[in-house]
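I opened this notebook to record what I looked up in one protein model. The entries below follow the order of my checks.

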Amino acid sequence: LGEETEIIEGEVVEIQIDRPATGTGTKVGKLTLKTTEMETIYDLGAKMIEALSKEKVQAGDVITIDKATGKISKLGRSFTRARDYDAMGAQTKFVQCPDGELQKRREVVHTVSLHEIDVINSRTQGFLALFSGDTGEIKPEVREQINAKVAEWREEGKAEVIPGVLFIDEVHMLDIESFSFLNRALESDMAPVLIMATNRGITRYLSTPGQNHSLTHLGTPKSVVVTLFGEKETQKVLRIGCEEEDVEMTEDAYAVLTRIGLETSLRYAIQLITAASLVARKRKGAEVGVEDIKRVYSLFLDESRSTQYMREYQEAFLFNELQGESMETP
């Protein structure tokens, strides 16, 4: 949300605070602000004096004062005071003395979520519900009113909607009702970007008894459009993984690892990066080569090779169930 507000911006020249001799009573004072073109003296009340003391404002600071709320913000220290022999920390920020007039109009941007707006307008205690955590259920009528108001703000140029990101891992655990809700929610103009992840192949998900629903190879319903990663996309993801792990890899090794990711799974290929880096470090190599990828590929099995291994040697295991025989319970 953006709105224009009037502010007073300038460099503090002098602060005078008159305290009562008896020690009781209201404090009064004067504040002198200047820019490169003008200088003005303002009378201070008790609240403004308290705000200045809270921000530890002193002569030489560049400040802004919001005329509507009285909020004081310290922008930094003026460059004209950079040569003063004052005790300054390394975090002291120096800024230029403002130019132009002291009173200016500036656009202020407030970042709020639609959920916060819904909570403020749906509960009797208003914004206090955000701190108590008792948000309750948002009524559809309230949400429709908020959506209409936000759409009006967008047309007037007062607000800009930035979609968020919703990440759902292990998406194969959702049932048919959950997917139906997600499909309906994604039709909204204010819906977030939805990213779903799973390590399952073709599997079945929970549905109403008597119905037969299946998931595609990425674990999503067939009604959801799925975009597969090709060779370029897979190699790009692997390069990002190498950058995150600080692993240097040759182009031939990238090609071999990309082919492994396409034939097995992208998650398996990413997990081979760290193992191949350790093998290359053991042989004191500067980069991960093809021989390192082949070494870890032979040591760590993917899902298909592991399943094939279990089927070949199932008779040698202690617990197995052969075709035509049933397990005997002792």
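Entry 1: aromatic pairs. I counted rings of Phe, Tyr and Trp (its six-membered ring) as a pair if their centres lie within 6.5 Å, with planes under 30 degrees apart called stacked, over 60 edge-to-face and the rest tilted. By that rule I found 3 aromatic pairs in the structure. I looked up F79 and F94, which form a stacked pair at 6.0 Å centre to centre, with 25° between the planes. This pair links distant parts of the chain, 15 residues apart: F79 is in the loop between β5 (72-78) and β6 (94-95), and F94 is in strand β6. I took helices (H or I, at least four residues) and strands (E, at least two) as DSSP runs, numbered from the N terminus. I called a residue buried under 20% relative accessible area, exposed over 50% and partly exposed in between (1.4 Å probe, protein chains only). F79 is partly exposed at 44%, and F94 is partly exposed at 27%. I then looked up Y309 and Y313, a tilted pair with 4.8 Å centre to centre and 45° between the planes.

Entry 2: basis of the model. I note that this is a predicted model, in which local features need pLDDT of at least 70 and side-chain atom pairs count only at pLDDT 80 or more, whereas totals for chains, interfaces and linings use all residues. Residues are numbered from 1 along each chain as its sequence is written, and side-chain values use heavy atoms, with hydrogens and water left out.

Entry 3: confidence. I read pLDDT as the predictor's confidence in each residue, from 0 to 100. The protein chain averages 79, and 80% of the residues score at least 70. I defined a contact as heavy atoms within 4.5 Å. For residues 323-330, where pLDDT also stays under 50, I found 2 contacts beyond four places in sequence. Where pLDDT is low, the predicted coordinates should not be read in detail.

Entry 4: the chain as a whole. I recorded 10 helices and 9 strands. Buried residues make up 26% of the 330 residues. Among contacts between residues at least 6 apart in sequence, 51% join residues at least 24 apart.

Entry 5: F300 is in the loop between α9 (290-299) and α10, and it is partly exposed at 45% relative accessibility. The C-alpha atoms of F300 and A275 are separated by 9.3 Å, at 25 residues apart along the chain. I looked up Y313 again: it lies in the segment after α10 (303-312) and is partly exposed, with a relative accessible area of 43%. Its partner Y309 is partly exposed at 42%.

Entry 6: positive phi. I found phi near 55° for D246, a positive value in a residue other than glycine. D246 is in the loop between α6 (231-245) and α7 (251-263) and is exposed, at 69% relative accessible area. K284 also has a positive phi, near 60°; K284 is in the loop between α8 (266-282) and α9 and is exposed at 79%.
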